[in-house]
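Subject: Structure for your review

Hello,

Here is the structure I said I would pass on. Please open it alongside this note and check the points below against it.

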Amino acid sequence: MNAVSGRAWEAQVEIQIPFHDVDAMGIAWHGHYLKYFEIARCALLESIGYNYKQMGESGYAWPIVGVRLRYPAPARFGQRIVVRAAIKEFEHRLRIAYVINDAETGRRLTRGSTVQVAVDLATNETCFASPRVLLERLGVDA
């Protein structure tokens, strides 16, 4: 495990909770938080120059193999939220941590993480170390 220290591999997006994401009580359905994570993750990957298209072009897929979520408070219809994504591990897997806060008050609503592993598209084999291309995009010595 290589914990990221002193590096700012982070991105954030602001989202307004749409009507089609809420239940009858006006609360965002729990499954949509993964979509909010994905939006922030895409912004993060774009910021390091390694988005999903570039991943495929480099010969790797990066499927999600694990998700953790905690819901301290609900997001509601019309609420503006800020979703932050930050790379926390990158050597053998890609672990990204997320925090969702209310955009107006800063109150934390949700936190979680995802784990992705590299899969070589030519062989369909899981890689047990992150490919050099990821390390290059992160600017770390391989």
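This is a predicted model: local features need pLDDT of at least 70, side-chain atom pairs count only at pLDDT 80 or more; totals for chains, interfaces and linings use all residues.

Salt bridges

The count of salt bridges is seven. One of them joins Glu14 and Arg80, whose closest N and O atoms are 2.6 Å apart. This pair links distant parts of the chain: Glu14 sits in strand S1 (residues 10–16) and Arg80 in strand S4 (residues 80–89), 66 residues apart. Glu14 is partly exposed, at 49% relative accessible area, and Arg80 is partly exposed too, at 36%.

Another salt bridge is formed by Glu38 and Arg41, with 1.9 Å between the closest N and O atoms. Both residues belong to helix H1 (residues 32–47), where they are three residues apart, about one turn of the helix. Their surroundings can be given separately. Glu38 is partly exposed, with a relative accessibility of 26%, whereas Arg41 is buried, with 5%.

Arg95 and Glu89 also meet through their side chains in a salt bridge, at 2.8 Å from N to O. Here Arg95 counts as partly exposed, at 24% relative accessibility, while Glu89 is buried at 6%. Salt bridges with shared partners join Glu89, Arg93 and Arg95 into one network.

Trp9 and Phe90 make an edge-to-face pair, with 5.5 Å from centre to centre and 85° between the planes. Trp9 lies in the segment before S1 and Phe90 in the loop between S4 and strand S5 (94–102), so the pair ties together parts that are 81 residues apart in sequence. Trp9 is buried, with a relative accessible area of 10%, and Phe90 is buried as well, with 5%.

A second example is Phe19 with Phe77. The ring centres of Phe19 and Phe77 are 5.6 Å apart and the planes stand at 85°, so this pair is edge-to-face. Phe19 is in the loop between S1 and H1 and Phe77 is in the loop between S3 and S4, so parts that are 58 residues apart in sequence are tied together by the pair. Phe19 is exposed, at 63% relative accessible area, and Phe77 is partly exposed, at 48%.

Tyr33, Tyr36 and Tyr71 form one aromatic cluster.

Around Phe90

Phe90 has a further residue to look at, Leu135, which is 45 residues away in sequence and 7.8 Å away in space, from C-alpha to C-alpha. Leu135 is part of helix H3 (residues 132–138). With a relative accessibility of 12%, Leu135 counts as buried, as does Phe90 at 5%.

Surface patch

Leu34, Ile64 and Val67 make a nonpolar surface patch of about 220 Å². Of these residues, Val67 is placed in strand S3 (residues 64–70). Val67 is partly exposed, and its relative accessible area is 43%.

Cysteines

How many disulfides are there? The count is zero. For reference, a disulfide is a covalent bond between the sulfur atoms of two cysteines. Cys42 counts as partly exposed, at 31% relative accessibility, whereas Cys127 is buried, at 17%.

Asn124 is in the loop between strand S7 (119–120) and strand S8 (125–126). The relative accessible area of Asn124 is 62%, and the residue is therefore exposed.

Regards

Definitions and conventions:
Residues are numbered from 1 along each chain as its sequence is written. Side-chain values use heavy atoms; hydrogens and water are left out. Patches are made of residues with over 30% relative accessible area and no salt bridge: like charges are joined within 9 Å, nonpolar side chains (Val, Leu, Ile, Met, Phe, Trp, Tyr) within 5 Å. Accessible areas come from the Shrake-Rupley method with a 1.4 Å probe; for residues, only the protein chains shown count as cover. A salt bridge is a side-chain nitrogen of Lys or Arg within 4 Å of a carboxyl oxygen of Asp or Glu. Helices (H or I, at least four residues) and strands (E, at least two) are DSSP runs, numbered from the N terminus. Buried means under 20% relative accessible area, exposed over 50%, partly exposed in between (1.4 Å probe, protein chains only). A disulfide is a pair of cysteine sulfur atoms within 2.5 Å. Rings of Phe, Tyr and Trp (its six-membered ring) pair if their centres lie within 6.5 Å; planes under 30 degrees apart count as stacked, over 60 as edge-to-face and the rest as tilted.
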